[in-house]
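Visitor: Can you take me through this one? Start with how you describe helix packing, then go to the ligand.
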Amino acid sequence: MCGIFGCVSRDAEVAPIIHAALKRLEYRGYDSVGIATVHGGKIYIKKDEGKIDQVHRIHNLDDLPGSIGVGHTRWATHGAPYQANAHPHTDCNDEIAVVHNGIIENFAELKTELENSGHKFRSKTDTEVIPHLIEENMRKGLGLLEATREALKRLKGSYAIAVISIHEPEKIICARMESPLVLGVGKDAVYCASDIPAFLPLTNRAVIIENGELAILQADGYEIRSLEDWRLIQREAETIEWTAEMAEKQGYPHFMLKEIHEQPDCLRNTLRLQDQYLDLMATFLDRAGEVFLVAAGTSYHACLAASYMFSKLAYLATHPVIASEFIEQQGMAINIDSTILAVSQSGETADTLAAVDYARLRAATILGLTNVVGSTLTRVSRAYRVQQSGPEIGVAATKTFTSQLSVLAQLALRVAKIRGKIGHRQIEEIEEKIKQVPEIVERTIKKNEAKAKEIAKKFKDKSAFFFLGRGISSATAMEGRLKLMEIAYIPSIAFPAGESKHGPISLIEPGFPVVFICPRDETRKTIIGNIMEMKARGATIISVIEEGDEEIKKLSDEYFEVPSGLPEILSPIAFIVPLQLMAYYIAVEKGLNPDKPRNLAKSVTVK
Ligand code: F6R
């Protein structure tokens, strides 16, 4: 997730306008920033790594000439955050400048093709292929518009782009495929942006650009065309009533709810991962003497789920370890044959990094999974994968958890392929199912939001909860418990359901809420037994079931339904969603701010 912005004005200098708009988009990414303008037959660019204010202090982003320009605030996906990788990117002669949000999946092959035709690349980004493709098309005699259209036909993946050029210095061309893009229509200027808040103080008249559409902006108006058949699309601007704060959250009352709703898109992004990185990590895992999955909090729960994935798909035993315990618990066992897969959304969690540092000193191989390119974890890992979720503002991890699970499942499948322990057909089936996960999560949110609100009203005053699951669902249970505890402040306990009768069941008295996670997998029969045990002692049962599971429905006082069809190892990705919603709505019912739970920080950089 990055933020793009473009502005074409009748007569104003646009650099300060773009700078201010990028500040309002900073929540979409903040590892580097850049602005390009066109003036007097030349493209002017200022860009660098760092937060917008830092870069502005060094370069003065307001000081670029011209009344047309584009800007970008970055959340790195391809290429670490340093100056050459910051947007805008240009063609060989600096005549075309492009900003881009999204992921170009086939950039490697396009880059090779363009390099073979003599194009010189300056960055490691996927984006840079776009200005070179446009340049190449213009070399063949096409005008800027046609050259851009032809370039877009070559791209696979997602994009929202804005293009300026010295060849047609009065216009911005922008286009959208799966990444958001919206126009703002002012009195003397037209804007394009990733999101409405970017231009909201300037105009509240907005035009949403749909997938597969291109728009041409000039100071006096805009034209929208279908990329497919070049049909002219008439679309009037609508008036946006949101305040700037509401707009930043896209109309959601809290970032956490916005981020829960972003999960289908984030999961789609995880499917755009480049194979070679996962393949490399899979090779390390396959060859390892011993594998440790190391993380804290929610990321640890992802590791716990991953240990079931690796074992069931690849017959690979792994040790999930809480990062703060790693050195004490496993330290002496680490050696040159050990592989540590460290999972950290921020890539900066002190406990995780301390474990990694320790393991490095003992010559172990470090692999990383993180959401932040350029984070310490990416720098200390032998190989790493970025999960592409975009910044998560809510303190409670939601979208980053489900994306971690998706990446880990893909990784486990790759190890499975190398090891050949399960059949090709089963691997293909799961690969097919991973593609369906975003849509299943989308339906899960729709189906359960009203129910979560209802349950929240009924249960908000309970003084404790149990969360129980078996197999991989015990990881879902732990994550469901953490969400409820951290944002709604309700003490909760989670453990594999089989443990109940070894102690915890003594807490149960009539009306005690027990949440059961019940996918239709091998554990279902036994979990029904566990539900019966709890019911017999008067517990109130809240179950998360697959659609149409009438048997468990009948045993439950309340239930959430998840669309059926996901294999066991993918089930946590969908089954956690109703529990995220339940925790969120209970916090709201209690008058708490779920985005900023007390005593917690988004990134824990102390041990
Ligand atoms: C819970 C939460 C924390 C983090 C933990 C690790 O909602 O956000 O438990 O998961 O602090 O953070 P990362 O993944 O950044 O290492």
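Guide: Angles under 35 degrees count as roughly parallel, over 145 as roughly antiparallel, 65 to 115 as roughly perpendicular and the rest as oblique. Helices (H or I, at least four residues) are DSSP runs, numbered from the N terminus. This is a predicted model, where local features need pLDDT of at least 70, side-chain atom pairs count only at pLDDT 80 or more, and totals for chains, interfaces and linings use all residues. Residues are numbered from 1 along each chain as its sequence is written, and side-chain values use heavy atoms, leaving out hydrogens and water.

Visitor: At what angle do α10 and α16 cross?
Guide: Roughly 170°, with the axes of α10 (residues 297-314) and α16 (residues 473-488) coming within 8 Å. Axes are lines fitted to C-alpha atoms, for helices over the stretch in contact, and angles run from 0 to 180 degrees between N-to-C directions. The two helices are therefore roughly antiparallel.

Visitor: Which residues of α10 meet α16?
Guide: G297, T298, H301, L304, A305 and Y308. Among their partners in α16 are M478, E479 and R481. Contact means heavy atoms within 4.5 Å.

Visitor: Now the ligand. How many residues surround it?
Guide: 14, the closest being S299, S344, S346, T349 and E486. Near means a heavy atom within 4 Å. α10 and α16 each supply at least two residues of that shell.

Visitor: Which side chain atoms sit 2.5 Å from a ligand oxygen?
Guide: An N or O atom of S299, and a polar atom of T349. A polar backbone atom of V395 is 3.3 Å from a ligand oxygen. Polar contacts here are pairs of N or O atoms within 3.5 Å.

Note on methods
Polar contact = N/O pair within 3.5 Å; in protein donor to acceptor, adjacent residues only side chain to side chain.
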